[in-house]
Amino acid sequence: MGIIALIFILFCYFRLKPIYFQTVGFTYDQGRDFLKAAEIVLYKNPTFIGPTTGIDGIFHGAWWYYLLTLPFVLFKGLPIGFYYFSFFFHLASFVGLFFILKKYFDLLTSFIITLLISVSGYFIFTSIFVGNNIMVLPFLLLFLIVNFLLLEKKTDKWFIFIFLGLSLGMVAEFEFAFGLFLVPSYFILIPLFKNLRLQLFKIPNGILFLSSLGIVFIPRMFFELKHNFSQTRTLINFLFKPKLYNPKPYIDVLKDRIMMFYGYYRSLFPNDFLFFAITFFVVLSVLLVIMNKGKIYKNAIKFLLMLLLLLFLFSTLYKDNFWGNYYEGIQYIFIFVIAIFFAIIPRRETAHNFFLFLKVVIFICLFFIGLNMFLPDIGKPVKEKDLVVQIQTVDYIHSIEKDSSAYCVKVYTPPVIPYTYDYLFLSKRIANNIPEPKKEFVNGSCWFILEYDDFKERREKWIRENIAHDAVRLQYKKFPNNTEVILYKNRTL
C-alpha cells in the first residue's frame, strides 16, 4: 500500500502544484473554448461543431465545448476550474489503468508503468493543459483497454461494445486528424483478428458498436445537414486535391515520420538513463518472444504493433507538415506495448529470475528518479507566470475601476485576438458582479493591456493604430511576464 500511495502522491503533486498556484498556460485557444462553453450555458446557444483544425473548413467535434460546460457550471466560471476538471479526468483514467494492469498483468509491472506515467514530462503536461486534443488521451486509453479485453479475455458483455464505439468516435471528435487515420486503421484490423472478427461480426454486438460510434457524430451530422455537407465536400476535395504548403519527396516524408514516431516514444521518459534501460528490457523481451521462450499476450501485441504500423503508413501519405499533436496521445499505445513486454513470462526459471531482477532494478530506478524530482521541488519558490499573472493584470485594473459602472479596456496579445482577457473579464462578472469593460474610450480614457511579443513590429504597429500619439499616460504597471498595463487619456477629449 505504501508504494501505491507514493505513486499516486507523485502523480498528483506534479500536476496539482501548477494548478494550485495557477501557473498553467492560458492562451488564445483556452480563452476561445471557455468563452464558447460560457455561451452555451449563459445564453443557451448550442453548437454542432468544435474548434478549427489545420484544414480550412473542417472542425473538431462539438463534444469538447459541451464537456467544458461541466467545469464552467461546477466552478462557476473560474478559469482554474477547467484545469482541475482536466486533472481529475486524467486521474480517473490513471486509476483505471492501474487496476487493469494489476488485474491482468502483474503488480510489479503495474508499479513500473504507473510510476513512469507519474514522472513523465509528457503525461504531466497533458494532465494540466486544457485543449480538445488533450482529451484524446483518456478515450484512446479506454479504446486500448477495451480491445485488450476483446483480444485476450474474449469478453462479450454488451457494454464493452458501447465503450468501444464511444471511445473510437471520441478520439476522432477531439482530434480530427487522429480519427481520420485511426478509424480506417481499426476497420482494417477487425477482420485480421479472430477474436475481434467473431465478436464484432455478431449482429447484436456490431449494432451496439456501430450505433455508439454513430451517436458520437450526431452533432457533426446536424452541422453537415444545415450547411449542405460543407465539411464532407471540403474533406473529399482535400483528400484528392490537397493544398500543400511544404510538399516533400516521399523519402523525406518517411524520414520525418520515423523521427516523429521516435519522438513520441522518447517523450515517455524523464531522462536518458530510463529511456535506455526500459528500451533494453523491451529488446530482450522481443528476443525472448522470437525464440519462443516466453509467454506473452500475443493477440494484443500483434494488434498494437499493427495499429502503430498502419498509423505510421497513413501519416506518410500526407506529404506536407504533419504536426505532432495530430497523433496526440499515441504515447499510450507505446505504454501498452511496454507493459505487455514487461509482463512477459519466461519459460525457463533462470531467465525468469533474470527478467525479474531487471524489472526490480528498473522499478528502483524509477522510484528514486521520482523522489529526486519530488523532494527538491518541495518548498521551491513558484515563479509567477501564465494564468496567475493574467489574473493579476485584470485585478489591477479592477482595483482602480472598482467603483466604475463603465470603463474601457483594449488588449494586445500576440494572436491579436484577446479571447484570454475576454474570458477573464467575463469570469469576474460572474464571480464578483464586476461589469465587463467596453472596447471604446469612456470619458476619453481607456486601459491598454500590452502583452510581450517577439514580433516587435506587429506590436508597435498595433500601438500606433490604437493609441493616439499625444495621449497622456495616467497609470502604468509592468508584470512579471513583461505585460504592460497602461491607462491613457486622449488630450483632445
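**Pockets, rings and a disulfide**

A: In this predicted model, the lining of the largest pocket divides by class into 22 nonpolar, twelve polar and ten charged residues. That pocket has a volume of about 1,000 Å³, and among its 44 lining residues G54, I55, A177, Y318 and Y326 lie nearest its centre.

Q: Which helices each supply at least two residues of the lining of the largest pocket, and where does the largest share come from?
A: Helix 2, helix 9 (176–189) and helix 13 each supply at least two lining residues, and the largest share, five residues, comes from helix 9.

Q: What makes up the lining of the second largest pocket?
A: The second largest pocket holds about 490 Å³ of space, and of the 22 residues that line it, F14, P18, T23, I128 and K385 are the closest to its centre. Helix 1 (2–20) and helix 6 (121–128) are the elements that give two or more residues to this lining, which by class has 14 nonpolar, three polar and five charged residues.

Q: Why is the aromatic pair of F238 and Y318 called tilted?
A: The ring centres of F238 and Y318 are 5.8 Å apart and their planes stand at 45°; pairing requires centres within 6.5 Å, and planes under 30 degrees apart would count as stacked and over 60 as edge-to-face, so at 45° the pair is tilted. The pair links distant parts of the chain, with F238 in helix 13 (residues 230–240) and Y318 in the loop between helix 16 (298–316) and helix 17 (331–342), 80 residues apart. Both F238 and Y318 are buried.

Q: What makes the pair of F125 and F129 stacked?
A: Among the 68 aromatic pairs of the structure, the pair of F125 and F129 has 5.2 Å from centre to centre and 25° between the planes; the angle falls in the range under 30 degrees that counts as stacked, and the pair is therefore described as stacked.

Q: Why does F125 count as partly exposed?
A: The relative accessibility of F125 is 45%, and because buried means under 20% and exposed over 50%, with partly exposed in between, F125 counts as partly exposed.

Q: How do you know that C408 and C446 form a disulfide, and what makes it left-handed?
A: The sulfur atoms of C408 and C446 lie 1.9 Å apart, and the cut-off for a disulfide is 2.5 Å, so this pair qualifies; the structure holds one disulfide. The torsion about its S-S bond is about -60°, so the disulfide is left-handed. C408 lies in the loop between helix 19 (387–400) and strand 3 (409–412) and C446 in strand 4 (residues 445–450), so the pair ties together parts that are 38 residues apart in sequence.

Q: Why are C408 and C446 called buried?
A: C408 has a relative accessible area of 2% and C446 has 1% relative accessibility; since buried means under 20%, C408 is buried and C446 counts as buried.

Q: What makes R473 lie over the face of Y476?
A: R473 lies at 4.5 Å from the ring centre of Y476, and the distance limit is 6 Å, with a second condition of 35 degrees from the ring normal; R473 is described as lying over the face of that ring.

How values were computed: Residues numbered from 1 in each chain as written. Predicted model: local features only at pLDDT ≥ 70, side-chain atom pairs only at ≥ 80, totals over all residues. Heavy atoms only, no water. Phe/Tyr/Trp six-rings, centres within 6.5 Å; stacked < 30°, edge-to-face > 60°. Buried < 20%, exposed > 50% of the residue type's maximum accessible area, 1.4 Å probe, protein only. Helix = DSSP H or I, 4+ residues; strand = E, 2+ residues; numbered from the N terminus. 1 Å grid on protein atoms, 1.4 Å probe; cavity = no way out; pocket = protein on both sides within 12 Å on 5 of 7 lines; lining within 4 Å. Points joined across faces, edges and corners; volume = space filled by probe spheres on them. Nonpolar A, V, L, I, M, F, W, Y, C, P; charged D, E, K, R; others polar.
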